[in-house]
Amino acid sequence: MTILTFTLILLGGAFLAGLLGSLTGLGGGVVIIPLLTLVFHTDIRYAIGTALIAAIATSSGSASAYVKEGITNIRLGMFLEIATTTGAVAGAVLAVYMPTSVVAVIFGLVLIISAFLSIRPKGNHLETADKSQLAQQLRLNGQYPTPEGMVNYKVRHVLGGYLMMTLAGVLSGLLGIGSGALKVLAMDNMMKVPFKVSTTTSNFMIGVTAAASAVVYLQRGYIDPGLCLPVVLGVLAGALGGTKILAKANTRTLRVVFGVVITLLALQMIYNGVTGKL
Amino acid sequence: MKRLLSRKYWEDKDVEVLLGTLLRYGVILSSIVVLTGGIIYIMRHGHEIPEYRDFAGPNNRWDNLPAIMRGVFLGHGREIIQLGVVLLIATPIARILFSVFAFTVEKDYLYIVITLIVLGVILFSMLGGLGG
């Protein structure tokens, strides 16, 4: 296979990854790593570096649309970015000392959890009681537009959410993924932020979190231009197409199918990690 | 310039819309740069065999900005792609810088400090010698 065919096939794969990633909310990066390692037999360190760049591309690309709608809670995002960026730098440093087979196994496990979280039906919280003093002091409470007008919401369990975000950051730096599912879990389940707000705020944070570990990856040679070329362009085009379809399609079935595919890929990654093939 | 620093001007402009625009332009600019470098790279190396099976470690042609810029001025495809990637990484960082400015205009001192902490963490990861 020449570089030309390799680039074209990968471009198609990255397009599909970006499309499915944006339709299911899992992000484009999670498919890039199994695609590169299992299909193209790329070293996992190149795969991680490339996936992280894909995560930044999709985050910035779609955040620009969400921020405009006024759903993103910028203060909440900024405050929690202290947690995710410190976690991400720690994760990127940890990645140097961790054998690639262990990284592959952790990646597989996180992938299965993320797939499960994305299929699980979502409850839409609306906390109106002012229970957290910290949230008040940090001015994290906000409001967001609904068909019935602006709705005020309050944030809870700031400390727990902060710790969960630190973990999301560590995994992001270690595995080169956006950890969007974990970020939403922290804001949705712990801090009781309305689902729409937590999804968009998480997406807003992914770019900054990933940038913190990307500069470390860049210095370490994980980010290769030959791989970034098809992946960045493919994922961006796919994500753009995904947002267009998202407005019309019912994504429930797609989510389940994608969840099953992701789980199978994850099991393969774990198997390869355990048998030392990665 | 005085108009740019007045609070009214920024409220009218709506900081959040500006943030969104900043992110969009960052993404568009970096994809154009990546595409340009990509065309040069494929034209010169398209017939070669890709080598990604084994990790080669840091490549001193594109693991730091000065080297990338040297390659860009020589018209090398892969360094131009990598410049696009660096621009992509820089986009969210530029967003933080912009937020410091926006919070300053709003006189929100707590969030100026919070934003500067985030910026500090990123600067540390850039310059802290963590690449080794």
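## Strand pairing in chain A

Two strands pair if DSSP finds at least two bridges between them. In this predicted model, strand E1 (residues 142-146) and strand E2 (residues 149-153) of chain A are joined by five bridges and run in the antiparallel sense. A:Thr146 has A:Gly149 of E2(A) as its bridge partner. With two residues between them, E1(A) and E2(A) form a hairpin.

## Helix H5 of chain A

Helix H5 of chain A covers residues 100-119, 20 residues in total. From first C-alpha to last, H5(A) reaches 29 Å, which is close to the 28 Å expected at 1.5 Å a residue.

Which residues of H5(A) are buried? They are A:Val103, A:Ala104, A:Phe107, A:Gly108, A:Val110, A:Leu111, A:Ser114, A:Ala115 and A:Ser118. An α-helix has 3.6 residues a turn, so residues three or four places apart point the same way.

## Fold of chain B

Chain B has six helices and zero strands. Along the sequence, the pattern of chain B reads α-α-α-α-α-α.

Chain B has 132 residues, and 33% of them are buried. When contacts in chain B between residues at least 6 apart in sequence are considered, 59% join residues at least 24 apart.

## Contact between the chains

The contact draws 54 residues from chain B and 53 residues from chain A. On the side of chain B that touches chain A, at least two residues each come from helix H3 (15-45), helix H5 (77-105) and helix H6 (109-127) of chain B. H3(B) gives the most to this side, with 15 residues.

## Confidence

For the complex, the predictor gives an ipTM of 0.90 and a pTM of 0.90. The average pLDDT of chain B is 87, and 87% of its residues score at least 70.

Within chain B, confidence is highest in helix H4 (residues 65-73), at a mean of 95, and lowest in helix H2 (residues 7-13), at a mean of 53. Where pLDDT is low, the predicted coordinates should not be read in detail.

How values were computed:
Residues numbered from 1 in each chain as written. Chains lettered and ligands numbered in written order. Predicted model: local features only at pLDDT ≥ 70, side-chain atom pairs only at ≥ 80, totals over all residues. Helix = DSSP H or I, 4+ residues; strand = E, 2+ residues; numbered from the N terminus. Expected span 1.5 Å × (residues − 1). Buried ≥ 20, exposed ≤ 12 C-beta atoms within 10 Å, placed from the backbone. Contact = placed C-beta atoms within 7 Å. pLDDT = per-residue confidence, 0-100.
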